[in-house]
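Please look over the sequence and the three-dimensional structure shown below before reading on.

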Amino acid sequence: MANSAPITTTLTPPSAPDDRWRQTHLGRLMGSALRRFDARVLQLMARNVEVPLALSNLAARDQVTAAHVHITRHLALQGDRLTDLAQRAGMTKQAMAHLVDQCEAWGLVTRTADPLDARARRVCFTPTGLAWLQAFREAVAQAEAEFREEVGPDVATVVAIGLEAYAGGAPP
């Protein structure tokens with residue numbers, strides 16, 4: 001019998017699946033951009049001298065969050081029922097009620113009787129809430145200007161047009 005060398009096999013571990021897509025897909029990028037944008041808006045609002053000091057302090061200490069911005073973004077100037085506000089913000093009624101409770105405690109909003117339905121209440125901005133809304137408007141304008149400066153005016157325009165088209169489209 002011939003002397004044969006032992007057979008050896010080299011086992012190579014299977015290559016790990018490439019999951020970099022999880023960090024770079026469009027939805028993730030849009031979410032990250034929104035969080036960055038909202039954080040900058042809140043930072044600017046915290047520094048705005050027109051914002052009442054108590055609210056400015058809350059924003060500076062990260063007590064006011066992007067979730068609270070939902071009320072600022074979605075509450076109509078004439079006020080809204082809680083269910084309508086929650087629906088427009090894409091939140092549950094219970095989650096919106098919690099935010100409204102906090103904003104009411106801070107003096108941003110108040111609940112009033114709904115003139116169309118005695119059982120319902122309307123959430124309305126207070127004068128302090130309207131000052132907060134104006135500060136939000138100014139902060140959004142500055143954050144948008146900073147975005148345009150960072151990515152350039154052409155890219156900023158294309159992004160805005162693309163997001164407007166995408167957001168306005170019907171889901172598949």
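At what angle do H7 and H8 pack, and how far apart are their axes?

## Helices H7 and H8

H7 and H8 pack at an angle of about 120°, and their axes are 6 Å apart; here helices (H or I, at least four residues) are DSSP runs, numbered from the N terminus, while axes are lines fitted to C-alpha atoms over the stretch in contact, with angles running from 0 to 180 degrees between N-to-C directions. H7 and H8 are therefore oblique to each other, since angles under 35 degrees count as roughly parallel, over 145 as roughly antiparallel, 65 to 115 as roughly perpendicular and the rest as oblique.

In this contact (heavy atoms within 4.5 Å), Phe147, Arg148 and Val151 of H7 meet Pro153, Val155, Ala156 and Val159 of H8. These residues divide into 6 nonpolar, no polar and 1 charged, where Ala, Val, Leu, Ile, Met, Phe, Trp, Tyr, Cys and Pro count as nonpolar, Asp, Glu, Lys and Arg as charged, and the others, Gly among them, as polar.

## Basis of the model

This is a predicted model, in which local features need pLDDT of at least 70 and side-chain atom pairs count only at pLDDT 80 or more, whereas totals for chains, interfaces and linings use all residues. Residues are numbered from 1 along each chain as its sequence is written, and side-chain values use heavy atoms, with hydrogens and water left out.

## Helices H2 and H7

The axes of H2 (residues 26-47) and H7 (residues 127-151) come within 8 Å and cross at roughly 125°, which makes H2 oblique to H7. Among the residues that meet across this contact are Phe37 and Leu44 in H2, and Trp132 and Phe136 in H7. By class, the contact has 10 nonpolar, 1 polar and 5 charged residues.

## Helices H4 and H6

The axes of H4 (residues 66-74) and H6 (residues 93-105) come within 10 Å and cross at roughly 85°, and H4 and H6 are therefore roughly perpendicular to each other. Ala67, His68, His70 and Ile71 in H4 meet Met96, Leu99, Val100, Gln102 and Cys103 in H6, a set with 6 nonpolar, 3 polar and no charged residues.

## The largest pocket

The lining of the largest pocket has 26 residues, and Ala33, Leu34, Phe37, Phe147 and Leu163 lie nearest its centre. On a 1 Å grid over the protein atoms alone, a pocket is an open set of points where a 1.4 Å probe fits, with protein on both sides within 12 Å along at least five of seven lines, and lining residues have an atom within 4 Å of a point.

H2, H7 and H8 (153-168) each supply at least two lining residues, and the largest share, 9 residues, comes from H7. By class, the lining has 17 nonpolar, 1 polar and 8 charged residues.
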